[in-house]
Amino acid sequence: MPMAGYTYSFDHAHLLGIEGLHPLDITHILDLADRYADATRAGQRADPVLTGRTVVNLFFENSTRTMSSFEIAAKRLGADVINMPVANSSVKKGETLIDTAMTLNAMKPDVLVIRHSASGGAKLLSRKVDCAVINAGDGTHEHPTQGLLDVLTIRRNKGRVEGLKVVICGDIAHSRVARSTTMALHLLGAEVHLCGPKTLLPPGTDTWGAASATTDFDAALKGADVVMMLRLQMERMDGAFLPSRREYFRYFGLTQERLALALPDATVMHPGPMNRGIEIESAIADGPRSVITEQVEMGVAVREAVLDLLAGTRP
């Protein structure tokens, strides 16, 4: 809690990760995102706080869901949005990330939203440009807005974050979502347990704030308030991490029988896209305890809040 007489202000120039944020920063973003989400549900138009601003979506990896979410959020706030078709750009002709950054910087955008396959790509870009940079996923490092929207979804459904038991199961090793969501939940007082095959559990998850990392999914599920499943990122697996997908589902797939081990009102989440029948049964993904579509909705609200804080309410 802030001290008496203390006035909080969000004073970050960029959003490169959850790491480096204070719990007050996260709460401030979530509170603002809450207001944007409620306004949208009420059919109210957001204040055009980004009128005259330019937001560039620079995606070196394909992600229709995340790019569309940032585009909708920026346009709701009145910004001009440019989606960079990297597949057809000079990057494919040998231009480096630094060259691209310097070229874009000369165009004077207000916000650069970047997704890159290299961990640290967003941080490198932020050092070369004069505008705000938002990390939309860098390698296997972080995906901060996904972490924030996951926490917002949990808070809206459970009424709190502190004291909840959250189980995150799947491809932890290749998941930037797992890192960002775990860190954000830990900062707000949740107890996070990571689960997956030994080959997909990286060392050092305790530094993210995880309470445990286990290969026993059934044991982890006992008493869980929230169960989040992660996609198997086969495109990032350079080697034999799994004997088979059928074997994976046998031990780590979320079934009705397994979900019964969690609390009766446990919430089910997935950052998407889902591999049905491998990570999660369709009956659960589409069932009453699933908030997967709400996560998508909250993604737009969180990105509205972040864009507002970084570019809308600043000189």
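**Close-up views of a predicted model**

View 1. Arg176 lies in helix α6, residues 176-187 (a DSSP run of H or I, at least four residues). The model is predicted, so local features need pLDDT of at least 70 and side-chain atom pairs pLDDT 80 or more, whereas totals for chains, interfaces and linings use all residues. Residues are numbered from 1 along each chain, and side-chain values use heavy atoms, without hydrogens and water.

**View 2. Largest cavity.** This cavity (grid points where a 1.4 Å probe fits but cannot get out) holds about 80 Å³ of space. Its lining includes Arg65, Gln146, His270 and Arg303. Helix α11 (292-312) supplies the largest share, five residues, and α2 (64-76) and α5 (144-158) each supply at least two. Domain 1 (14-142 + 296-312) and domain 2 (144-291) each contribute at least three residues, with bounds from an automatic or database domain assignment.

**View 3. Second largest cavity.** About 30 Å³ of space is lined by Phe10, Leu15, Ile29, Val306, Leu309 and Leu310. Helix α11 gives the most to this lining, three residues.

**View 4. Cys195 and Cys169.** The sulfur of Cys195 is 4.1 Å from its closest cysteine sulfur, in Cys169, too far for a bond (a disulfide is a pair of cysteine sulfur atoms within 2.5 Å). The structure holds zero disulfides.

Definitions and conventions: On a 1 Å grid over the protein atoms alone, a cavity is a set of points where a 1.4 Å probe fits but cannot get out, and a pocket is an open set with protein on both sides within 12 Å along at least five of seven lines; lining residues have an atom within 4 Å of a point. Grid points are joined across faces, edges and corners, and a volume is the space filled by probe spheres set on the points.
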